[in-house]
Amino acid sequence: MEITTRSLWALIHGMGFGALYLLACSGALLELYRFTSASMPPDSTPGHERFLKGYLIAMVVLAWAAVLTGAYVLYPWYRAAPPPGAVDLSMYPQRLLMSSPTTIGWHSFGMEWKEHIAWLAPISITMAAFVFIKYGRDLRNHRQLRAAVLCFTLVSFVAAGVAGFFGAMINKYAPVRGGPTIQLSHGGEK
């Protein structure tokens with residue numbers, strides 16, 4: 001069993017940082033709503049607030065890690081230009097998608113959308129985390145600010161979900177390949 005370094009980076013980016021972020025985001029939405037609602041018992045522990053602050057900081061790290069690895073590690077490999085006269089475009093994902101009318105939409109719409117919308121996820125969750133860390137338990141007394149934190153967390157979740165969807169579809173039709181091979185295990189011969 002083996003994997004190339006570029007495929008490993010794609011796995012780390014999408015399934016590591018991206019999927020974990022989406023899972024964490026769904027929990028954060030629920031917990032932020034519960035923690036900042038007026039129905040939350042006033043005797044909630046400071047440990048609960050500290051946990052939620054740490055949780056949000058971890059989400060910020062995951063979101064930025066996903067976007068930065070996508071933009072600065074994977075994207076240059078995606079956009080690599082083939083040498084003149086190349087027939088096999090499997091090592092050049094962007095050109096491979098653009099070479100067929102049935103897949104060009106994945107680049108012209110999917111990747112262009114992914115390039116821009118994905119940045120909303122870390123920016124909006126960073127804002128939400130900052131405001132929650134600043135206000136904490138007192139956020140329930142600021143109705144508009146509480147609504148903004150919940151909305152920005154939802155925007156971050158939707159942006160990451162859209163970017164993840166397009167990333168998965170693009171990787172299905174034109175995966176980033178190449179680089180040194182990593183042996184994960186040596187299969188026994190039969």
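This report describes the nonpolar cores, a surface patch, the cysteines and one leucine of a predicted model.

## Basis of the values

Because the model is predicted, local features need pLDDT of at least 70 and side-chain atom pairs count only at pLDDT 80 or more, while totals for chains, interfaces and linings use all residues. Residues are numbered from 1 along each chain as its sequence is written, and side-chain values use heavy atoms, with hydrogens and water left out.

## Nonpolar cores

The largest nonpolar core has 27 residues, where a core is a set of buried Ala, Val, Leu, Ile, Met, Phe, Trp, Tyr and Cys residues joined through side-chain atoms within 4.5 Å, and buried means under 20% relative accessible area, with exposed over 50% and partly exposed in between (1.4 Å probe, protein chains only). The members that touch the most others are Y21, L32, L56, M59, I125, F132 and V149. Two or more residues each are given by α1 (5-36), α2 (46-78), α5 (120-135) and α6 (143-173), these helices being DSSP runs of H or I with at least four residues, numbered from the N terminus. The largest share, seven residues, comes from α2.

Not counting residues up to four places away in sequence, L32 touches L52, L56, F132, V149, L150 and T153, contact being heavy atoms within 4.5 Å.

## A nonpolar surface patch

On the surface, I57, V61 and I133 form a nonpolar patch with about 250 Å² of accessible area together, the area coming from the Shrake-Rupley method with a 1.4 Å probe. Such a patch takes residues with over 30% relative accessible area and no salt bridge, nonpolar side chains (Val, Leu, Ile, Met, Phe, Trp, Tyr) being joined within 5 Å and like charges within 9 Å; a salt bridge is a side-chain nitrogen of Lys or Arg within 4 Å of a carboxyl oxygen of Asp or Glu. I57 lies in helix α2 and, at 44% relative accessibility, counts as partly exposed.

## Cysteines

With a disulfide taken as a pair of cysteine sulfur atoms within 2.5 Å, the count is zero. For C25, the nearest cysteine sulfur is that of C151, 13 Å away. C25 counts as buried because its relative accessibility is 0%, whereas C151 counts as partly exposed at 47%.

## Leucine 96

L96 is found in helix α3 (residues 93-98) and is partly exposed, since its relative accessibility is 26%. Beyond its neighbours within four places in sequence, L96 is in contact with L89, S90, T103, Y173 and A174. The C-alpha atoms of L96 and L120, which are 24 residues apart along the chain, are separated by 28 Å.
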